[in-house]
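This report looks at how aromatic rings pair with one another and with charged side chains. Please keep the sequence and the structure in view while reading.

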Amino acid sequence: MAELPWSTVLVIGVCGPVCNLAARVLAERGYDVIASDLRDECEFAETLLEYSNVELVLGGHPPEIFERAEVVIPPPSLSRDAKPYRLAEDHGCEIVEVKELLDMLPPTRPVIGIGGTNGKTTTVAMIRHVCEQLGLEAPHHGLPGMQGNVGLLPPLQARLPGDVSVLEIATFGERGEILEAAELSQVECVCVTNITPDHLNEAGDFLTYARCEVELLEPDTVELAVLNAQDPLVVGAPEVVDFNGDIVYYGLDVEPFDTSEKECWCGGHVEIHEILPWVGPFKCRECGLRSPEPDYLATDVDLSGFRLICPDGEYEVRLPVIGLHNAYNALAAIAVCSEFLELDVEDVVEALQSFEGVEGRLEILWDDGERVVILDYGHNPAGVDATLRCVKEAYRERRVCAVIAVASELGPEGDEEILRRTADLADLVVVASYAAYKVMDRVDADNVIAAESATKPFEKKGTLGASREQVLDGLKEALRSDCEVVVLFGEAPLKYREEISEEVERVLGDER
């Protein structure tokens, strides 16, 4: 039912994600919506066609639609001197900004926010999957090609209809981003997966970036924090932000593969016995901060799952997705579902058995029994390392080639770290991105080669680090090698998935 004294609302810019979601939120709450955009067509428009109370007007903003509207919702990016503002004022329409709309229409269901550097998307997908399997509706924005994890997108998703909202909330390394999104979303339960180096080109230094991530715990609405017990910056976050809610910890009982150091909130350095890069049992030499005992603990971890020890008992967890990073993700999902949603742990564990993974995360594009091609969004050192370790474990008897189509958000140091780690773990590394090519001379390894077009300058766009030509050249070089398993890293392989599929089919299909 409509909650505000409006009958018809004009939403401008519905081919953009923010106003598209705003229009859908209003339509779901019973308002008649006129949804307009200057563009003649857009892929997001289809999401509005299912609503009988939405009139879609593309190709412009004719004056007559302002005559029929009482309220106009403009896109946040629209200048105040733009024509739609003048038309709204000329026709006596009330102008309501999107943030004002969020205040007027609060969420009506519990809201969960998932943050951290790596694992957010998969953890969100696992929780949503469990909810759906157990009869709870957990809505998704449904916008093709959009993660929807920054700015006003999470708060708008929190207002879509359903039984529970499960949101991914991210940052580009700017203070206040996560806090604003979490406050506007009115999150009640949060989970921080890990904090490893990323987005330092915006944040400036690691602890500044880490401080951005832990803003997720700051809203007054947060009642429960589910935290990785084996990341010192996550464990120390409640004290940093003066969090007073309940805390539940999760972690793995696994033999570490290495020892490393990580900065602590106190300014000192933490020794970490790594289960994943910069994640594992730890203790700070200066302040004494150490990893707490996990409330949700995974032991006997292997490629098929793990044994869960938690307050409700012990359970065998079988996972269709592999890797230690996915064991962490599953633990986080189980803890959130049990502690916040109060779902039976046995039911949650059973539901996870049918979870098939997330597109672009360890996604097997081709497997004919002889050659395997995998796409992975990994774009920072920790993410790439975790995926390669998982692949090496799963395909122990096969040679693995890593194709690097990444331009690290840590800058050249991040590109170098990614290249060093892949050279240590993979049998062959093919450099496809220009960013990786520029640091090749810093890495002393005889298993690293460059694709032909890697020498061509490419301007990084967000996390997109390579061109179509560079990705395909990297793939061709990998397929010419004697490696049975090829892993393509970065956003670019996902963007050019169709072209990659065609090339793989052309080369490997002909071989069959």
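In which helix do Y434 and Y437 both lie, and how many residues apart are they? Both lie in helix α16 (residues 434-438), 3 residues apart, which is about one turn of the helix; helices here are DSSP runs of H or I with at least four residues, strands are runs of E with at least two, and both are numbered from the N terminus.

This is a predicted model, in which local features need pLDDT of at least 70 and side-chain atom pairs count only at pLDDT 80 or more, while totals for chains, interfaces and linings use all residues. Residues are numbered from 1 along each chain as its sequence is written, and side-chain values use heavy atoms, with hydrogens and water left out.

Rings of Phe, Tyr and Trp (its six-membered ring) pair if their centres lie within 6.5 Å, and planes under 30 degrees apart count as stacked, over 60 as edge-to-face and the rest as tilted. By this rule there are 2 aromatic pairs, listed here.

| Pair | Centre to centre | Angle between planes | Class |
|---|---|---|---|
| W6 and Y31 | 6.0 Å | 50° | tilted |
| Y434 and Y437 | 6.5 Å | 25° | stacked |

The charged end of R389 sits over the ring of F257, 3.5 Å from its centre, and that of R421 over the ring of W278, 4.6 Å from its centre.

Notes
A charge sits over a ring if NZ of Lys or CZ of Arg is within 6 Å of the ring centre and within 35 degrees of the ring normal.
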